[in-house]
Amino acid sequence: MVLLRRVIGDALRARRQGQHRTLREVSSAANVSLGYLSEIERGQKEPSSELLAAICDALGARLSELLREVSDTVALAEQMPGVLVPVQDGPASPDEQPAMAAPAVRKATNRGVRQVTTDGTVSVAVRQESPLKATLRSSRVRAGDRDVVCAA
């Protein structure tokens, strides 16, 4: 199961870093402690809706945009075969592949199994390093620019 707090934290961090702002600047603007904001970005704490709205406001983002981005990432990750469940170190069999908008690419590497899928606007890549460790990276392509969100 994808930890929602990690996806939210990574989306917030990507937005902050995309603006070339420090944790200190955003924590001051959102009226939250620097340490707590850091824990939120690392997925260790789950922010309340009020705090999430304050952080979004400090970043100049709409809460609905952030939640839509998080929702798209989670929805795409849920469609990928083997995400957050033990994955075999070999090619996926055709009967394991669910029907989705774009085919998933899965390859075994010396660092783990990697899977990639996209729906045209969001791309998700998963690297399964062990049965208990998976790294999820998603990218959203917007009109002319790229907003990268990383989740684990």
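Predicted model: local features only at pLDDT ≥ 70, side-chain atom pairs only at ≥ 80, totals over all residues.
Residues are numbered from 1 along each chain as its sequence is written, and side-chain values use heavy atoms, with hydrogens and water left out. Local features need pLDDT of at least 70 and side-chain atom pairs count only at pLDDT 80 or more, whereas totals for chains, interfaces and linings use all residues.

**View A. Packing of helix 1 on helix 4.** Helix 1 (residues 4-18) packs against helix 4 (residues 49-59) at an angle of about 20 degrees, their axes lying 10 Å apart. Helix 1 is therefore roughly parallel to helix 4 (angles under 35 degrees). From helix 1, I8, L12, R15 and R16 meet L52, I55, C56 and L59 of helix 4 (contact being heavy atoms within 4.5 Å). Six of the residues in this contact are nonpolar, none polar and two charged.

**View B. The largest nonpolar core.** This core has 19 residues, and those with the most contacts inside it are L12, L37, I55, L66 and V70; its members are buried Ala, Val, Leu, Ile, Met, Phe, Trp, Tyr and Cys residues joined through side-chain atoms within 4.5 Å, buried meaning under 20% relative accessible area with a 1.4 Å probe, protein chains only. Helix 4 gives the most to the core, with six residues. I55 touches L12, A30, L37 and I40, residues up to four places away in sequence not being counted.

**View C. Packing of helix 2 on helix 3.** Helix 2 and helix 3 pack at an angle of about 110 degrees, with 9 Å between their axes, which means that helix 2 is roughly perpendicular to helix 3 (65 to 115 degrees). L23, R24, V26 and S27 of helix 2 make the contact with L34, L37, S38 and E41 of helix 3.

Terms used. Axes fitted to C-alpha atoms, helices over the stretch in contact; angles between N-to-C directions. Helix = DSSP H or I, 4+ residues; strand = E, 2+ residues; numbered from the N terminus. Parallel < 35°, antiparallel > 145°, perpendicular 65-115°, else oblique. Nonpolar A, V, L, I, M, F, W, Y, C, P; charged D, E, K, R; others polar. Buried < 20%, exposed > 50% of the residue type's maximum accessible area, 1.4 Å probe, protein only.
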